[in-house]
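Thanks for coming, everyone. I have one structure to walk through today. Please have a look at it before I start.

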Amino acid sequence: MVKAGYAFNSQKAYSSGMVRYFKFCSIYRLDPLDLSEVNLLRFIAYMSHQGLLARTIRVYLAGLRSWSCRKMTTSRFHTLCSMLLQQV
């Protein structure tokens, strides 16, 4: 899923995060392309409730940000995701 010159372990972690994100969107019937602040916060809460550690959540958000860089170029999303990465 995520490639673009990343190390193998990064690719693996980012792909795991994307699978989890798409599953989350499917469960809650959300559009995966709607990367709004509310949906990102819901995704973080979902992962936290699943028992994921903060560092894992951070990696998954980084993967989501990487994916979004290739799929869409909304600077607002990148700024928001960067802020969330600093807080997790």
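**Overall layout**

The protein chain has 4 helices and 0 strands. Helices here are DSSP runs of H or I with at least four residues, strands are runs of E with at least two, and both are numbered from the N terminus. Along the sequence, the pattern reads α-α-α-α.

A word on the source. This is a predicted model, so local features need pLDDT of at least 70, side-chain atom pairs count only at pLDDT 80 or more, and totals for chains, interfaces and linings use all residues. Residues are numbered from 1 along each chain as its sequence is written, and side-chain values use heavy atoms, with hydrogens and water left out.

How confident is the predictor? pLDDT is its confidence in each residue, from 0 to 100. The mean for the protein chain is 80, and 70% of its residues reach 70 or more. Confidence is highest in H2, at a mean of 93. Confidence is lowest in helix H4, residues 75-87, at a mean of 62.

Now burial. Of the 88 residues, 36% count as buried. Buried means under 20% relative accessible area, exposed means over 50%, and partly exposed is in between, with a 1.4 Å probe and protein chains only. The chain exposes about 5,400 Å², and carbon and sulfur atoms supply 54% of that. Those areas come from the Shrake-Rupley method with a 1.4 Å probe; for residues, only the protein chains shown count as cover.

Next, contacts, meaning heavy atoms within 4.5 Å. Take those between residues at least 6 apart in sequence: 50% join residues at least 24 apart.

**The core**

In soluble globular proteins, nonpolar side chains tend to be buried together. A nonpolar core is a set of buried Ala, Val, Leu, Ile, Met, Phe, Trp, Tyr and Cys residues joined through side-chain atoms within 4.5 Å. The largest one here has 16 residues. Tyr21, Phe24, Leu35, Phe43, Met47, Leu61 and Leu64 touch the most other members. Helix H1 (8-27), helix H2 (37-49) and helix H3 (54-71) each give two or more residues to this core.

**Helix H1**

The buried residues of H1 include Tyr14, Met18, Tyr21 and Phe24.

Leaving out residues up to four places away in sequence, Tyr21 touches Asp31, Pro32, Asp34, Leu35, Phe43 and Leu64. Arg20, also in H1, is partly exposed, at 24% relative accessible area.

Most residues other than glycine have a negative phi. Arg29 is in the loop between H1 and H2. Its relative accessibility is 78%, so Arg29 counts as exposed.

Then Asn39, in helix H2. At 6% relative accessibility, Asn39 is buried. Its side chain reaches the backbone oxygen of Asp34 at 3.1 Å. Beyond four places away in sequence, Asn39 touches Phe24, Leu30 and Asp34.

That's my tour.

Definitions and conventions
A polar contact is a pair of N or O atoms within 3.5 Å; within protein, one must be able to donate a hydrogen and the other to accept it, and residues adjacent in sequence count only if both atoms are side-chain atoms. pLDDT is the predictor's confidence in each residue, from 0 to 100.
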